[in-house]
Amino acid sequence: MFIIKHCGALSRLPVTMRPTRRVVVAKTTTTTNNIMSGKMSYDNILKNHPVSVSSTVSRSIFTSKFSCHAKRTAVKYNKSSRVTFCPSLMMIQTRQLSLNASSYDNLQIAGVPDDVAEKIHNHAARPQTSVSLQTLMKTGRGEYLHRTYEDHQHDPSDNSKVATDKILMQVAGFLRHELPIRLARRILDLDRVPHMRDMNSVKQVKDLYVTSFLELLSVQKKIDNMKQEEEFAAILESIYERHASVLVQMARGAFELRAAIRNGTIDHGSVSRNDGKGIVEFDALEDTHAFLDRFYISRIGIRVLIGQYLSLRQHPVENYIGLICSKTSPYEIVKRAIDDAAFMCTRKYGDAPEVIITGRLDLTFPYVPTHLHYIMLELLKNSMRATVDYHGIDADYPPIKVVIADGKENEDVVIKISDEGGGIPRSTMKKIWSYLFTTADPAIQEGMVAFNENVDHSIDSPLAGLGYGLPISRSYARYFGGDLSLMSMEGYGTDAFVYLTRLGNTREPLPL
């Protein structure tokens, strides 16, 4: 590996060209600092200090700020060579460099041309930029325009069209930079996840991400007029709609994997088993679950960024800044979720338990209402289903209780949902957070994955189906710094606790 010595510290860069001896880069001058700060790229070095270059070999020595990932341009070194880029820049001394052929295979992406794979790897090597709820709100109000337009002075009372245009161009410019990076990382993840990568539905999702990635790269990097902004917005609107069905497509991929394991298409020896029985514990595939966790938290972030931008382009709505409502009322959202869950429960069982709401009914705080509604709907429909199943149809159901708690000194808004639906066995508690576990009838699961749903959340689905409800609800809660937890008493009922940050200053937990 290369050992880079800079300012007295050693940092290790994994590379695709493995030297037979260490390469030491000495302390450098101002020119090197330009590389570290991103002001000078590797291509600039090659232009001013040419060496033999091959487009067929990969290298990862120099990238902006010494990224630890590969680009697809390589420097060829001859045996017993001494290569000097510039005396005032740095000196690389080496006896011999050998190429690690297996590392080149890692740069290939199944079903993707080499030139596209090169672009994907280059973007995946770049750092992501995490945002917070407050950042989204302040950007939507134009409070950060001075960072893009040096001569701009923010005036909170200025609602002119010019300020709006600047806001849209600023946000569009950020998305043009950020979205290809996030998509590229998920493409690589989709290509590498064991077993699931071979499922047809997962391949289709990867192709979808590649298509969207290339569409974004077709737009020039700097968006500085409204015509370019409008063209970019049209592309993002198409991407947003096209990706709406990804949730069900990935669930279909999980269903295909489950079927492949059971029918022997995938070797049982390559996946975990239930000791002594030779039965594959599908919901216990830790690598697959970790992949799905990364994938869905990233998907939430991508859809928030695009949805916020597209909402900013719409006619203003009172108390809203894009997707974010500055006066979100948990009480009003819980009421709507109760109506939706009761409709779903009544459709299946003919009746639904009563729900009682207590606590801070007058509370409002900044949040994304659609996220909170999804969480509340999932928890309430689970409680209603459990209550009816446990007590039986036409019984006198005990009420489900919702408590909204908040105080001036509280860092969180907390919502508790309590039911008397018989609880959850302790042995099952860990599984409920798995994307691969569901108590639904297999026939219902098959019907769900056969249904190409083009919306993220819907009351048209059955009360139990894909097994994605709880883990995705927790991902929604955690996205802006909150959480979701369950406490259960088997034979009695379950309490669910939703924690939502009041300040909204927590940055999104971006997966690698």
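Tutor: Start with burial, taking cysteine 345: at 0% relative accessibility, this residue counts as buried. Buried means under 20% relative accessible area, exposed means over 50%, and partly exposed lies in between, with a 1.4 Å probe and protein chains only. Cysteine 325 has a relative accessible area of 8%, so cysteine 325 is buried.

Student: What kind of model is this, and how are residues numbered?

Tutor: This is a predicted model, in which local features need pLDDT of at least 70 and side-chain atom pairs count only at pLDDT 80 or more, while totals for chains, interfaces and linings use all residues. Residues are numbered from 1 along each chain as its sequence is written, and side-chain values use heavy atoms, with hydrogens and water left out.

Student: How many disulfides does a search of the whole structure find?

Tutor: A disulfide is a covalent bond between the sulfur atoms of two cysteines. The criterion is a pair of cysteine sulfur atoms within 2.5 Å. Searching the whole structure gives zero disulfides.

Student: How many salt bridges are found in the whole structure?

Tutor: A salt bridge is a side-chain nitrogen of Lys or Arg within 4 Å of a carboxyl oxygen of Asp or Glu. The search finds 14 salt bridges. One of them pairs arginine 182 with glutamate 178, with the closest N and O atoms 2.8 Å apart.

Student: Where do arginine 182 and glutamate 178 lie?

Tutor: Helices (H or I, at least four residues) and strands (E, at least two) are DSSP runs, numbered from the N terminus. Both residues lie in helix H7 (residues 161-192), four residues apart, about one turn of the helix. Arginine 182 has 0% relative accessibility and therefore counts as buried; glutamate 178, also at 0%, is buried.

Student: Which residue forms a salt bridge with aspartate 189?

Tutor: The partner is arginine 186, and the closest N and O atoms are 3.2 Å apart. Aspartate 189 and arginine 186 are three residues apart in helix H7, so about one helical turn separates them. Both aspartate 189 and arginine 186 are buried.

Student: Are glutamate 332 and lysine 335 buried or partly exposed?

Tutor: Glutamate 332 is partly exposed because its relative accessible area is 35%, and lysine 335, at 31%, counts as partly exposed. Their side chains meet in a salt bridge (3.7 Å, N to O). They are three residues apart in helix H12 (residues 330-349), so about one helical turn separates them. Elsewhere, salt bridges that share partners join Arg360, Asp362, Asp406 and Arg502 into one network.
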